[in-house]
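Here is a short note for a colleague who is opening this structure for the first time. The points are numbered so that each can be checked against the view.

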There are 2 protein chains.
Amino acid sequence: MTSLSATRASRRPRKMSSRASATRFDRRLGHILDHATEVFCEKGYEGASMRDLSRATGMSLAGLYYYFESKERLLFLIQKHTFTTILEKLKALLENVTDPEQRIRLFILNHLQYFVSNQQGLKVLSHEDESLKNGLSSEIAGIKREYYRICLELMEDLRRKRGLDFNTRTAVMSLFGMINWIYTWYNPRVDGNAEALAERMGNIFLTGITSGGSGRKNRKQVSELSSRA
Amino acid sequence: MTSLSATRASRRPRKMSSRASATRFDRRLGHILDHATEVFCEKGYEGASMRDLSRATGMSLAGLYYYFESKERLLFLIQKHTFTTILEKLKALLENVTDPEQRIRLFILNHLQYFVSNQQGLKVLSHEDESLKNGLSSEIAGIKREYYRICLELMEDLRRKRGLDFNTRTAVMSLFGMINWIYTWYNPRVDGNAEALAERMGNIFLTGITSGGSGRKNRKQVSELSSRA
């Protein structure tokens, strides 16, 4: 339990005494956040009580309140931990790669690698997107904006370098839909591992934005068909 | 309030006395379900009380319990009403169209047309996917399976007729992700109407599955890059 004191310390800044204690702390915090994620996933944020969280994490109710203050702060830490981890991994992956298609493939792979092994986390992030208030909410929103901005830049870079013509906002949001929706259906025995899934989704998405062209004609036909029905 | 008696009647089957009363009833039911959807969207299913639902729908608490029995039954009716409507519209649209690409474009258009004007409904359907129990849950699951099966058949039809090679399950689930995720981001002023969005998403998706091919080479490169980081 002692290693958890760093949670309080994070609000009253103090240096970690050693790298080892930071690691022990990270592990313990990660363990608690994992169990809290399970509870939020199963009961929803509204439906979960601090008592449920105490039971699942193995911490006393008093301990939970002392170290985390509230259910909201736990949700905040889950979101912050997740988005920060993904963002750092992504930046490391992109560092030495310049080809714009490969960079988008790495974005997809990084996102799927994290969430294929953490579907509950993805569900909680999607469903409790608006549960945080004010200060906590805006800190998370900032990290998410950075993640979105990186993805948008990857698209704009590809469009510019290849002289393509597609709507980058629709492309980014379509991609987020493809890779976030997996928490509702992904099954490793049927769908393979993250790398295999990233390849298939990358193929659909990248071919989709790099080989386009025949949209206008189809739109006319489709809206005619639609108004006839 | 009188027209609502048909809700009870739906469990003790009785013929509607006239087409006019059915229409009045449908309108009143639709109105109540719309307001209940707003409440579920805002507070979540767990967080919403029958008292909240009474306030939002303008029905007395006693009336709500009398006609709908429970919060769960209201959620069930929202889900059933939504999926049945979408499915019927889709079948009507597909009836006279044989071209496999056009049929997939109609699937996308129909889904977006419904949910672009009903984003709250889409959010409630996504978030409260597992809130129904037993009998109610399995009736909804049946309608959803039919919707999924139609989409899968559209993909298999395209693959067969064009001699293409892609994973139809990944394709269907990627498409569902693209078109369901819109409840988190769609903004009519920025993204245009359902027809414009369906055209852009249809272009990305259909080009993606019909023009593919270079996956294998990219996979090797990407996993090498990923393991280097």
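**Notes on salt bridges, interface and helix packing**

1. Counted over all chains, the salt bridges come to 20. The model is a predicted one, and the points below should be read with that in mind.

2. How many of the salt bridges lie across the interface of chain A and chain B? The rule finds two there, and one pair to look at joins Asp191(A) with Arg169(B), whose closest N and O atoms are 2.7 Å apart. Side chains of opposite charge can pair when their charged atoms come close.

3. The interface itself takes 54 residues from chain A and 54 residues from chain B. Between them, chain A and chain B bury about 4,600 Å², and 64% of that area is on carbon and sulfur atoms.

4. Within chain A, a salt bridge links the side chains of Arg55(A) and Asp52(A), with an N to O distance of 3.6 Å. Both residues belong to helix α3 (residues 50-57) of chain A, and because they are three residues apart in that helix, about one helical turn separates Arg55(A) from Asp52(A).

5. Also in chain A, helix α5 (residues 71-94) packs with helix α6 (residues 100-116) at an angle of about 145°, the two axes being 10 Å apart, and the crossing of α5(A) and α6(A) is right-handed. Residues of α5(A) in this contact include Ile86(A), Leu90(A), Leu93(A) and Leu94(A), while those of α6(A) include Leu106(A), Phe107(A), Tyr114(A) and Phe115(A). By class, the contact of α5(A) with α6(A) has eight nonpolar, four polar and two charged residues.

6. In chain B, helix α5 (residues 71-94) packs with helix α8 (residues 134-162) at an angle of about 25°, and their axes are 10 Å apart. The angle falls under 35 degrees, and therefore α5(B) is roughly parallel to α8(B). The crossing of α5(B) and α8(B) is left-handed.

7. Which residues make the contact between α5(B) and α8(B)? Among them are Phe76(B), Phe83(B), Ile86(B), Leu87(B) and Leu90(B) of α5(B), together with Ile140(B), Ile143(B), Tyr147(B) and Ile150(B) of α8(B). Charged side chains take part as well, including Glu72(B), Arg73(B) and Lys80(B) of α5(B) and Glu139(B), Lys144(B) and Glu146(B) of α8(B). Sorted by class, the contact of α5(B) with α8(B) has 12 nonpolar, two polar and seven charged residues.

How values were computed. Residues are numbered from 1 along each chain as its sequence is written. Chains are lettered from A and ligands numbered from 1 in the order in which they are written. This is a predicted model: local features need pLDDT of at least 70, side-chain atom pairs count only at pLDDT 80 or more; totals for chains, interfaces and linings use all residues. Side-chain values use heavy atoms; hydrogens and water are left out. Axes are lines fitted to C-alpha atoms, for helices over the stretch in contact, and angles run from 0 to 180 degrees between N-to-C directions. Helices (H or I, at least four residues) and strands (E, at least two) are DSSP runs, numbered from the N terminus. Angles under 35 degrees count as roughly parallel, over 145 as roughly antiparallel, 65 to 115 as roughly perpendicular and the rest as oblique. A crossing is left-handed if the near helix is turned anticlockwise from the far one by less than a right angle, and right-handed if clockwise. Contact means heavy atoms within 4.5 Å. Buried area is the accessible area (1.4 Å probe) that two parts lose on being put together, summed over both. A salt bridge is a side-chain nitrogen of Lys or Arg within 4 Å of a carboxyl oxygen of Asp or Glu.
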